[in-house]
Amino acid sequence: MSSSPSAPGLSPIADAAPLSLCARAPHVPADRLVAEMVPPPRFDSVRFSTYIPDPNQPSQTEAVGVLEGFAGGLGGAHAVGGGKRGFFGFGKPKASKPPAGPRGVYLDGGYGVGKTHLLASLWHATPAEPALKAFGTFVELTNLVGALGFQQTVQTLSGHRLLCIDEFELDDPGDTVLVSTLLGRLVDAGVALAATSNTLPGKLGEGRFAAADFLREIQGLSAHFRALRIDGEDYRHRGLPEAPAPFSDEQVTKAAYATAGASLDDFAHLLDHLAKVHPSRYGALTDGLKAVCLTDVRPVPDQATALRLVVLADRLYDREVPVLASGLPFDRLFSEEMLNGGYRKKYFRAISRLTALARDGKRLAEID
C-alpha cells in the first residue's frame with residue numbers, strides 16, 4: 001500500500017510518510033468475513049463485570065442480571081450437536097427439536113447506554129468455543145449473505161451456539177426481510193440470538209426505544225425474543241469534557257508525520273474514495289492504522305455519502321483509532337435535514353463516536 005507524498009515544506013518525522021486511506025483498496029475473502037464475526041477490538045476485554053451501571057437507571061443493573069442468566073443457559077450440547085464442523089457447516093448431524101422458551105434477547109435503548117458492551121459481554125460469557133459463536137453488525141451479516149449466498153450462510157451459522165447482531169437495520173425493509181428469514185432458519189437449528197437495533201424512520205419521537213418496531217419487523221420470530229429496555233444517557237458524554245475544537249491543517253499534517261502508523265487524507269477526497277470501496281471492506285481499510293488525520297472537514301454533501309461515513313466511523317470506533325482533524329467540528333458534519341430524517345439515529349451515533357475519537361486524537365497534536 002502506498003504512502004502519502006511528503007507535504008510541502010515538511011520532512012517526515014516518523015520512519016515513513018503517513019499512510020493514505022485513499023490509496024487503499026482492500027480485498028476481503030469470504031472466509032475472513034466469517035472468521036472476523038467476533039466482538040471488535042474495542043470490546044475484546046469487556047465483560048459483565050466491567051459494565052458500570054448508572055445508579056440512577058435500575059434497568060441497566062437488571063439487564064446485566066438477565067443476560068448473565070441467559071448466557072448460563074446456553075451451556076451444554078447444541079441443539080444440532082455440539083461437535084466441530086467444516087467451515088461451511090457440512091456433515092452436521094440432523095437437527096433435533098430446539099429447546100423450548102425464548103431463544104433470543106433484544107437490548108432496547110438509545111445510543112451510548114452500553115448495548116454493544118452488554119452484547120459483547122454476552123458473547124464472551126456464553127460457554128462455547130469462539131468458532132461456535134458469531135458477533136457482527138446487521139451490515140456485516142448481510143455482507144456475509146452476499147458473499148456466501150443464503151443457503152451457504154445458513155449452513156455456516158446453523159451449528160453455532162449464539163449469534164449476536166448489533167444495530168439491526170430496521171430502516172432497510174428488503175434486508176430486514178432477508179435477515180429475518182435467515183434468523184428463522186437459525187432458530188429452527190437451535191441457534192440462540194441476541195440483537196440491538198436502530199429505529200424506523202419517523203418513529204418513537206427521539207428514537208430512543210425500538211422494541212415494538214423490532215418485534216414487528218422480525219415477524220414470526222417475535223415470540224423467540226425477550227426485550228430488555230435499557231434506560232440512560234449517552235455514556236460517551238457522561239461527565240466528559242467538550243469535544244476539542246478542530247486543529248489547523250498545519251497541526252494535523254505535522255501530527256500525521258510525527259505519528260508512526262498514522263494516515264493523512266483530505267476529507268473530501270476520502271469521501272470520494274469511500275464510494276469506490278464496499279462498506280464490508282471498511283474494516284480492512286483501517287488495518288494497521290494507529291491514527292487517522294483528516295484535513296478540511298466539511299459538511300457531508302448527500303445521504304449516500306453520509307451513510308458510508310457512518311460505517312467508517314463505526315469501524316474506527318470499534319478499533320479505537322484516534323482521529324485528528326481540521327475544518328469543521330464533527331457535530332456539523334450532517335445537515336439539519338439529515339439529523340431530522342429517517343437515519344438520524346445513525347448520524348447522531350456517528351457524531352458521538354467521532355467526538356470520542358477526537359478526544360483521543362487531541363494528544364497527537366501535542367507531540368513535539
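H278 sits in the loop that links helix α9 (267–274) to helix α10 (282–285). Helices here are DSSP runs of H or I with at least four residues, strands are runs of E with at least two, and both are numbered from the N terminus. This is a predicted model, in which local features need pLDDT of at least 70 and side-chain atom pairs count only at pLDDT 80 or more, while totals for chains, interfaces and linings use all residues. Residues are numbered from 1 along each chain as its sequence is written, and side-chain values use heavy atoms, leaving out hydrogens and water.

Is H278 buried, partly exposed or exposed? H278 is partly exposed, at 41% relative accessible area; buried means under 20%, exposed over 50%, and partly exposed in between, using a 1.4 Å probe and protein chains only.

| Partner | What is given | Distance |
|---|---|---|
| S280 | polar contact, side chain to side chain | 2.9 Å |

A polar contact is a pair of N or O atoms within 3.5 Å; within protein, one must be able to donate a hydrogen and the other to accept it, and residues adjacent in sequence count only if both atoms are side-chain atoms.

Now to the sheet. Five strands form an open sheet with parallel pairing, in the order β2-β3-β4-β1-β5. At its edges are β2 (133–137) and β5 (225–229), each pairing on one side only. Strands pair if DSSP finds at least two bridges between them; β2 and β3 (residues 162–168) have five, in the parallel sense.
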